[in-house]
Structures are given as structure tokens and as C-alpha cells.
Amino acid sequence: MTAVTSADVVVTGPAIGSSARKEGGDTLLTGRGRFVDDYTLPGMRYAAVVRSEVPHARILRVDVREAEQSPGVALVLTGESAAAHAGPIPHFIDPAARGGRYTDVRCLAVGKVVYAGQPVAAVVADTRRQAEAAAELVRVEYEPLPHVLDGDDALAADAPLLYEEWPDNVVLHNHYGTGDVDAALESADLVISDTIRIARSTTAPIEPRGYLASWDRLDETLTVYGSLQNPHQLRWMVANSLGLDETAIHVITARVGGSFGLKMQGHPEETLVCLLSKLTGAPVKWIEDRREAFMAGAREQVHRFTVGAMRDGRIVGIRDQIVANTGAVSAQAGWAMPNMSATTLASGYTVPNVQAELHVVVTNKPPLNAARGFGKDSAHFVMERVVDLVARGLGLDPAEVRRTNFIPAGQFPYRTATGLNIDSGDFPGLLDKALAALDYDALRKRQADLRTEGRHLGVGLAFELTPESADGPGSFVSGFDVTTVRMTMTGKVTVYTGVTTPGGGNDTGIAQIVSDELGVPMSWITVVQGDTERCPGGFGNFSGRGMVTGGGSAALAARDVRAKIATVGARMLAVPVDEVEVAHGYVRAVGDGRTVPIPEVAAAVVTRAFAIANEVEPVLEATRAYKPGNIDHVPDERGRIQPYPTYSSCLHAAVVEVDAETGQTKLLDFVMVHDCGTIINPALVEGQAYGAIVMGIGAGLTERLVHDAQGRLASDRFKSYLLPRAGDLPTIRLEHQVTPSPFTMYGNKGAGEAGVGGAQAAVANAIEDALAPFGVTVREVPLPPPAVLALIDEARTK
Amino acid sequence: MITKDFTYHAPTGLDGVVSVLAEAAGDAVVLGGGTMLIPDMTHGRTRADVVVDLSRAGLSGIAPGDGEVVVGATTTYADVLADDRAPALVPLLRVMAGGVTGGPQIRNKGTVGGSASYANPSSEVPACLVALGARMRLASASGTREVEALDFFTGAFATARRPDEVLAALVLPALTGTSVGYTKLKHAESSWPIATAACVPGPDGALRVALGAVAATPLLVTVDRPDAGVADPAWRAHVREVVDAAVTEPWSDVLADGEYRRRVAPVAAARSIARALETGGEEETP
């Protein structure tokens with residue numbers, strides 16, 4: 001029998017709910033984080049991509065002769081030759097499987113190009129400089145075709161067709177919602193119709209995309225290092241497009257320097273870099289440059305809506321016709337985002353009659369890529385503008401119109417008109433906290449005082465409902481995930497999970513959960529993510545799923561291991577198993593306080609499997625999947641499915657002062673009250689929320705991707721695409737409200753995505769409020785100074 | 001990546017610089033702080049056979065002289081900000097340098113002479129030099145000449161500098177007025193300037209205002225003093241009239257079209273005057 005100690009047990013509080021330091025934070029701060037560009041393999045070569053300079057054209061000839069003679073060049077690949085070796089890239093979400101249209105997407109264009117920036121050829125050379133120099137020597141001869149850049153224009157009967165096998169430029173056409181909107185509008189005291197345009201913006205992570213692929217000619221296996229969100233799906237995708245067996249591909253996710261949806265797979269360069277390695281027999285690296293990264297669109301929509309409300313502020317019906325410009329088709333998931341704009345439309349309001357019609361149209365712009373918010377942001381923007389317009393039309397306070405229409409706190413789960421089943425929430429509670437944080441009444445008084453001095457202070461409110469942790473039937477958008485918890489015989493724990501982190505810190509949160517569930521200190525735990533050979537098959541990160549699915553499955557696996565530790569520890573302490581607790585690295589007899597260190601118990605399981613550990617299967621490892629509740633794919637009587645287990649919510653308030661002479665907006669204050677249910681790590685949730693809020697502020701004020709008449713990106717640097725900097729921002733004030741979800745392991749809901757649409761709407765509403773004396777109506781975002789001045793002019797000339 | 005090969009020279013004196021430029025016969029580019037040239041070369045917008053780096057040429061520093069201040073071409077924004085004499089000698093450049101965006105990286109590398117030579121319409125240095133009545137000292141193998149700032153800026157990204165010349169220094173007449181005023185309008189911290197106005201009152205009290213970023217080259221206007229105060233609508237209308245007459249071809253770029261610049265140029269002008277008259281301007285952060 002191993003010696004039983006009664007050493008002092010260092011008791012600390014539970015890890016869950018604490019702001020535990022970020023895993024690997026010291027590594028990042030000291031510049032030792034290993035990102036994809038830090039990986040170097042022997043004999044590695046570099047790729048450069050030749051991109052179309054025209055928006056729409058047939059490719060007549062690709063002349064690679066001069067490029068092939070350029071120094072250091074190993075291979076110049078054209079679309080035709082790539083197509084001989086690689087098939088189409090499978091879609092992350094196939095539009096055809098959602099009632100839309102399919103088209104082949106290739107890693108290099110074949111036959112014609114459909115946007116400026118589309119890859120048409122690739123060069124592999126000994127150095128990146130040689131590759132880029134040779135890429136400049138590839139001559140592509142085009143026969144120009146008419147092009148279309150605007151979504152409405154693309155719907156015109158005589159619009160140029162991007163995909164000639166389609167009858168039009170519509171990738172998806174769908175209707176959403178229930179109720180009799182016509183009757184509701186007929187009965188309404190106030191009916192407003194208007195148009196809202198949400199311009200194209202982008203996510204701009206600090207680290208662009210990058211891949212390093214290494215084909216082994218001897219054993220015919222492929223190893224791929226990448227800055228990725230979904231390594232297992234990428235493995236499947238590359239296996240499909242290159243005709244390889246999935247088991248011959250090993251995907252390793254490097255540390256990711258931000259992603260926000262951009263690094264979900266489906267990009268042409270993923271297949272391309274793997275193919276280039278296979279064809280050259282050498283490791284090939286490609287790192288996206290900033291101008292390439294700027295091509296990725298995040299959102300672009302036009303909403304033409306009609307809303308009806310009663311005199312007391314109740315909104316009784318909404319009709320919305322949405323045209324979403326997704327650019328060219330990509331195999332990435334971006335095209336599907338507007339689907340969520342329509343589905344999320346009525347947000348957290350009890351609007352009984354909602355009808356949305358969505359056209360997702362293709363144009364000769366670069367593709368949209370999945371982006372934080374995933375279309376939900378645009379729904380919030382429109383809905384929060386609608387609520388403000390109703391308040392204005394009825395002469396009511398916008399805060400009170402929100403309160404009037406909120407789903408009451410006691411009515412959850414609540415089925416919305418578009419079929420979402422909101423798990424829980426307390427939306428009026430969010431509003432109360434936000435108004436208190438603002439000192440709303442005093443603020444309105446100050447606003448009135450300043451107006452007498454000719455100054456324009458504005459307050460904007462915006463509610464946001466964030467469906468999270470999606471499951472899309474028949475796709476790799478999965479609502480569950482898988483985690484393995486493995487304890488060594490020294491008690492150290494490695495957690496291998498199918499979820500990945502884009503840098504947000506779900507690895508830390510998962511370690512916190514395992515620490516509490518398994519009863520070991522955080523410092524004993526290592527979390528491994530993103531490696532398809534080491535981690536169980538999972539789905540990576542998107543849709544705020546990391547802590548719901550990764551955390552849930554880690555908890556189940558940790559509990560299995562803990563049960564064995566408890567059983568064997570109890571035997572060592574000679575007490576019944578229900579009289580021990582496992583915590584902080586010890587198994588402790590509740591009765592007399594004697595303890596045995598977990599490492600000794602773990603060693604006993606392995607070395608005394610036929611003695612002390614006879615009662616357990618001697619493997620301190622468990623793999624478990626976790627499926628949260630509330631997902632329902634059985635269509636209801638109206639054909640609606642319910643793909644989200646949790647719905648986070650938040651209320652934003654922005655205070656601005658607008659300079660009516662220049663149109664400049666100064667953001668003076670920003671409050672967000674956030675409810676993501678049980679919080680595993682407040683500091684990490686807050687960090688994500690700050691980032692999302694700033695992303696929304698940027699998309700509301702200054703961020704706009706501009707294309708010239710030939711579809712070429714004009715805003716391709718941080719001097720022409722304006723992200724907010726610290727000096728543009730006030731100290732953002734965050735408050736929490738905790739309304740646990742009944743459908744997840746800890747009552748936690750998705751976090752990290754909420755903030756974009758609400759912040760965008762709050763600043764837009766604040767600008768309109770500031771300029772109320774002029775009577776302006778905000779109909780577009782972003783609102784840089786020229787747009788604000790134009791609003792004033794428009795109101796003055798009315 | 002800069003894909004084109006080039007020859008790199010870093011002469012240790014002005015003589016070396018001008019002899020390289022003479023030999024290169026127009027195929028050379030001059031490297032100051034590199035904040036514009038290096039990105040332009042990286043993106044293939046500028047391709048050159050010869051790069052002449054001024055960093056060792058001894059062209060940095062602020063030197064007061066008889067009735068003038070000589071600012072070396074490679075004096076960085078950080079140099080201006082760090083110089084204790086700057087508030088007295090070059091108050092306008094100091095205020096401008098304090099508002100240069102891009103953080104320490106840009107302020108430590110970017111040079112006053114480099115910005116002038118690049119002549120980006122959406123930049124601050126050209127209009128400041130015009131406001132100050134600066135003379136641009138140009139050196140070549142055949143000697144040195146001075147060109148008035150107003151004549152130096154000939155168009156967007158174009159100056160009177162010949163390819164065999166280097167901008168060696170900026171000669172600023174000693175300030176005679178009471179104070180200067182500076183206003184910069186931009187969309188966000190990261191934005192290029194959209195409209196700038198530098199007001200340098202003359203010894204006679206005339207209010208000279210140089211407008212930057214609103215046209216291809218700086219525009220110099222003179223406006224009446226606001227006898228009834230800077231808020232007087234009549235005086236504001238006068239400023240607008242004067243500025244409107246000057247802004248015949250407003251600059252347009254991806255951030256702001258010409259119409260917006262035309263709208264806000266008089267606002268910037270009036271505010272710069274207000275600052276010059278009311279606050280002394282020196283401590284004003286734009």
C-alpha cells in the first residue's frame with residue numbers, strides 16, 4: 001500500500017468563473033508564439049499567387065515561359081494544369097444542399113475569371129522574393145466580359161452572368177418567417193418603409209492566412225501546417241480535392257493570430273499549396289500578404305423594409321427584402337451568412353408577423369468570407385434601426401420602445417417568428433443595467449443643454465441576440481464536439497480537444513473546466529488543439545462553440561477519469577468511494593481529512609492494476625462527445641428548424657458628439673451589458689467582447705472596402721481601410737448579467753461573437769440621435785465624416 | 001517583397017549623395033525615412049536601379065541662423081518633438097509632428113524633408129512649409145539652389161526637384177508674428193489628413209493660411225482679421241468665400257471626395273485662425 005499522506009492541502013477556489021491567466025500568454029508576450037510563418041522545413045520553397053487584374057474575363061492564354069526561366073523557379077502552375085491534378089474544392093456549406101445553386105470552385109481559375117484578385121497561376125521558387133519576381137512575369141491574356149459589382153444590378157434581367165450554367169446571378173433565394181404581415185401593417189398606427197445599406201467591410205486579423213504543406217514522396221503522405229480554424233474539415237477537403245485518403249493527411253494548426261471566421265476553410269490557396277508541394281516534391285509555404293487579406297469581405301447587404309407599430313410602441317409586423325452581395329462564389333462559408341441575417345431578424349422582440357425574402361447574389365467582387373457575426377450582425381443593425389425609427393415616428397423614448405417589445409423575462413424558451421427557440425435571457429434586465437450605467441436621464445438632460453449651445457450629443461442604444469454554437473444538418477457546421485482527457489502516471493493531464501482557438505482563449509477555459517472536474521491544479525494541465533493526428537475528430541471554432549461543445553465534452557471526459565481516481569484513491573484511503581472528494585491534486589477522505597496525492601493514485605492505477613486498481617479498467621483516459629440541448633432539426637409545422645442551443649444577448653449604448661461642420665463623430669462613451677450565461681473566464685469573455693465591439697464600431701464609422709469601377713480593391717492598406725485605433729475609442733465599459741442556459745453543461749452560452757452588429761447599430765443610432773435637430777435619417781453604414789455631412793445636407797434640402 | 005534588384009548607396013556626406021545622383025542619371029531614388037518609399041517599392045509602384053540612403057549624410061538637425069531656421073532634410077518628426085528649442089524655433093512643425101499618426105515607428109523614421117519630397121497631397125508637411133514661407137534648399141553636383149515652397153510643390157507627388165538633386169534642407173524665415181495655429185481634419189486616428197490648415201500671422205497682422213490635403217498642392221490664402229470674433233457669421237462667410245475661390249480643383253481619394261474637402265477646407269481655415277489668435281497655437285494638439 002502506498003503511503004497515505006496527510007500533507008496540507010492547498011485549497012483555492014474553483015477555477016471555473018475565475019479570470020485565470022491566458023494559457024501561453026507569457027509565450028505570446030515574449031514573442032515566442034509559434035505561428036505558421038515560424039515553421040521552417042528542410043528544402044522548403046515558397047509560393048506566390050498570380051491574381052486576375054480584371055473582374056470578369058475569359059482566359060485566352062497564360063504564358064509562363066518567362067516566369068519559368070526566372071531565377072530559383074521550380075514550378076509555374078496554371079489553372080489548366082492544376083485542374084489535371086486537383087478536383088473542385090468541396091464547399092464548407094454547399095449552397096445546393098440549402099436549396100441554392102452549386103458551381104465548381106477551383107484552386108486556380110479555369111477558363112474564366114470572375115473577380116479581380118482571383119488566383120490564375122502560381123509560382124514555386126526557392127525564396128519568396130524569387131517567387132514574387134517570377135509571378136510578375138506570368139502573362140495572362142484575357143477577353144474581357146461585362147462585369148457587375150452591385151447586388152441590385154446583378155439581379156437585373158440583362159446583368160452579365162458570372163456562372164453561365166445558372167439562369168441568373170442568384171446563389172440562394174429564400175423566404176423566412178410567419179404571420180400575416182399585410183394584415184398587421186393594415187392594423188398598425190404607424191407604418192414606415194425605408195432602405196438600409198450595409199457596406200462591405202472586412203475582419204483584418206493581425207495575422208493573415210498562411211499554409212505550409214509538405215508532401216512525402218516515399219510514404220505518400222501530406223503534412224499541412226496552417227493558420228486555421230477547422231483542421232479536421234480542412235483534412236477532409238484537401239483529401240477530396242486532391243483525391244487522397246484522409247488518413248494520409250496530417251493537419252497541424254499553428255498558433256492563430258486572430259481569425260474572426262476568415263480562417264474557416266474553403267480558400268483556394270489551401271488546396272493550391274498542398275498541390276504545389278505534391279507536384280514539386282518539396283515543402284511549400286505561402287503566407288498571404290496584407291493586400292490579399294483585404295480582399296476578404298465580411299458583409300454587404302441592402303434591406304428594404306416595412307415595419308408597422310401600434311401607438312404604444314408595439315411592433316406588430318415587419319417585412320424585409322434583403323439583397324446580399326456575396327461577391328464571387330467561394331468554397332468558404334461566407335455565402336451562407338445572409339441566411340442568418342434573415343433568420344435572426346426579429347431578434348429578441350415579440351414581433352408576431354415577420355416575413356423576410358432573401359436574395360444572395362453573386363457579383364464580380366471577391367467572395368465574402370465567414371466573419372464574426374455571421375450575418376446576425378446585419379440583422380441586429382437593421383432591427384435596431386427599425387426600433388429607433390418606430391420610437392421616432394411615435395415620439396417615444398427608444399429605450400422604452402425596446403422594453404415594450406422585448407420578450408418578457410419569464411417567457412423562455414421562446415420561439416420566434418423565424419423559428420429560433422431562444423433558450424433564456426433577461427432583456428429588460430440588460431436595458432435597466434445599461435441605462436443605469438449611462439445615467440440615462442441625466443444624459444438626456446445634458447444633451448438638451450448642449451443643444452442650446454449648438455452642440456450635438458447623441459445617445460444610441462442597440463440590443464443584440466446572438467444565436468451560438470450552430471449545428472447545420474448534413475454539413476461540418478456541427479453542434480457537438482469531442483475531447484480526450486488523458487492523465488499520465490505522474491498525474492499530469494493532457495486535454496486533446498476537437499475545438500480550436502483563434503487566439504481567444506478557449507484553451508484556458510477548457511483547462512479551467514478540467515481543473516475543477518478532475519480535481520487537479522491548472523498548472524498540471526496541457527491543452528492540445530488543432531492537430532488531426534493527436535486530437536479526436538472535431539470541428540474547430542466557429543459560432544461561439546468552443547466553450548459550449550469543447551468545454552462540455554472536456555467536462556464529461558474529465559469526470560470519467562476522475563471517477564477512476566476517486567475509486568482507487570478511496571481504496572488507498574480505505575474508505576468508501578462516496579466518502580472521498582477529489583480536488584486540488586488530492587483525494588481526500590471527507591471523514592478524517594486524510595489525503596493521498598493524485599500522482600500516487602495515478603501511479604497505482606498503472607503499476608498496481610491487479611491489486612489496488614483491480615476495480616477499474618487501468619486506463620486514465622476518456623474520450624467523450626458533448627451534445628448540448630435545444631437543437632431540433634425536425635421541421636415544425638411551418639418547416640422551421642432550430643439549429644442553435646444557446647442565445648447570448650447584450651445591450652449596447654454609445655454616446656457620441658457630432659461636429660456638424662465637418663461631419664466628424666467623437667465617441668465619448670460606450671457601455672455593453674452582456675449576458676452569455678455562466679461565465680467560465682470573465683477576463684477572456686471581456687477581451688473578446690472588447691474586440692467585437694471595436695469591430696462593430698469600425699464597421700459603423702469608418703471601415704469600408706472600396707472597389708474601383710473595374711472591381712479592383714482601392715482600400716488595400718490600413719491608411720485607406722480605417723480600423724479604429726485606441727485614440728478613437730473611449731474606455732469601453734462592460735457589465736455582466738448572468739442568465740444561465742438550461743441546455744448546456746454549465747449554463748454557459750456562446751461568447752466571443754456578440755458585439756459587432758450591436759455596436760455598429762449603437763453608433764449609427766447615436767449619430768442619428770445627435771443630429772435629431774436636423775431631422776436626419778441614417779440609411780447606411782459606415783458613417784465617416786463625408787457621409788454624416790451628406791446626411792445633414794439631405795435633411796436640410798428636404 | 002522588393003522584387004527588383006538595385007544598387008544601394010549610403011554616402012557619408014552631401015557631396016557623396018549628389019555625385020551618386022549625378023551618375024545615376026535619373027534612375028535613382030532617394031531614401032529618407034523610408035515610410036513611403038519602402039512600401040512603394042514593396043508594392044512595385046516604384047522601381048529603381050539605384051537607392052541613395054540619406055541616413056549617413058549628416059543632413060539632420062535644427063539650426064537657428066540669422067533671421068532664419070535651417071531644418072535638415074532628414075530631421076525626423078521625433079527629432080522635432082525631442083528638441084527643446086522646437087517650440088520657439090519651429091512651433092508649427094512641432095505641433096504638426098505631434099499629430100503625425102502611425103505611432104513611434106513613423107515618428108522615428110519619417111523625415112520632414114522626405115515628406116516634402118514625396119509631395120503626397122494627403123500629407124501635412126507641404127502646407128506647413130508653404131505657410132511658413134520656407135525655401136527648399138536643393139543640392140546637386142552643379143551646386144545649390146533654393147526654391148520657394150509655394151513653387152516647389154508642382155502637383156500631386158510632383159516637385160520642382162530635378163532627378164539629379166536632393167532636398168538638403170528647409171530654410172524657414174524666423175517667425176515674426178505672435179503665434180501659429182494648426183488644424184487637421186481626418187476621419188480617424190489611422191486616416192491620412194483630409195484637410196489641414198496652418199495659420200501663420202505675418203508681421204503686418206495679415207492672416208496667411210496654407211491649406212493642405214484639399215488640392216494636389218498646398219493652397220495659400222490670406223483672410224481678413226475677425227474683428228467681431230471668430231464666431232462672427234459674416235467673418236466665417238468671408239473665410240468660406242476666400243477658401244472656395246482658392247479650392248478650384250479639390251483633391252479626391254478613397255477616403256474623401258473633392259466635394260467633402262471643399263466643404264471642410266474653410267472650416268479648417270477658420271479653426272486654425274481661431275487657434276492662432278486665441279490660444280497662441282503652440283500647445284495645441286491638432
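**Close-up views of a predicted two-chain model**

View 1. Helix 8 of chain A (residues 268-280) lies across strand 1, strand 3, strand 5 (119-125), strand 9 (210-216), strand 10 and strand 12 of chain A, running at about 30 degrees to strand 9 of chain A.

**View 2. Strand order and pairing in the sheet of chain A.** Seven strands of chain A form an open sheet with mixed pairing, in the order 3-5-1-12-9-10-11. Strand 3 (73-78) and strand 11 (249-253) of chain A are the edge strands, each of them pairing on one side only, and from one strand to the next the twist averages 20 degrees. Within the sheet, strand 1 (residues 45-51) and strand 12 (residues 284-287) of chain A run parallel and are joined by two bridges; Arg45(A) stands opposite Val284(A), a residue of strand 12 of chain A.

**View 3. Domains of chain A and the contact between two of them.** Chain A is divided into domain 1 (25-33 + 480-626), domain 2 (36-145 + 205-293) and domain 3 (299-472 + 633-797). The centres of domain 2 and domain 3 of chain A, taken over C-alpha atoms, are separated by 36 Å, and 24 residues of domain 2 of chain A are in contact with 24 residues of domain 3 of chain A. On the side of domain 2 of chain A that touches domain 3 of chain A, the residues divide into 14 nonpolar, eight polar and two charged.

**View 4. The contact between chain A and chain B.** Chain A gives 25 residues to this contact and chain B gives 17 residues. On the side of chain A that touches chain B, helix 4 (128-135) and helix 20 (785-797) of chain A each supply at least two residues, and the largest share, four residues, comes from helix 4 of chain A. The residues of this side of chain A divide into eleven nonpolar, six polar and eight charged.

**View 5. The largest nonpolar core.** Among the 340 residues of the largest nonpolar core, those that touch the most other members are Ala47(A), Val123(A), Leu92(B), Ala198(B), Leu211(B) and Ala269(B). Helix 16 (residues 546-573) of chain A contributes the largest share of this core, 13 residues. Leaving aside residues up to four places away in sequence, Leu92(B) touches Cys128(B), Ala131(B), Leu132(B), Val180(B), Tyr182(B), Ala198(B) and Val200(B).

Methods:
Residues are numbered from 1 along each chain as its sequence is written. Chains are lettered from A and ligands numbered from 1 in the order in which they are written. This is a predicted model: local features need pLDDT of at least 70, side-chain atom pairs count only at pLDDT 80 or more; totals for chains, interfaces and linings use all residues. A nonpolar core is a set of buried Ala, Val, Leu, Ile, Met, Phe, Trp, Tyr and Cys residues joined through C-beta atoms within 7 Å. A residue is buried if 20 or more other C-beta atoms lie within 10 Å of its own, exposed if 12 or fewer, and partly exposed in between; C-beta atoms are placed from the backbone. Two residues are in contact if their C-beta atoms, placed from the backbone, lie within 7 Å. Domain bounds come from an automatic or database domain assignment. Ala, Val, Leu, Ile, Met, Phe, Trp, Tyr, Cys and Pro count as nonpolar, Asp, Glu, Lys and Arg as charged, and the others, Gly among them, as polar. Two strands pair if DSSP finds at least two bridges between them. Axes are lines fitted to C-alpha atoms, for helices over the stretch in contact, and angles run from 0 to 180 degrees between N-to-C directions.
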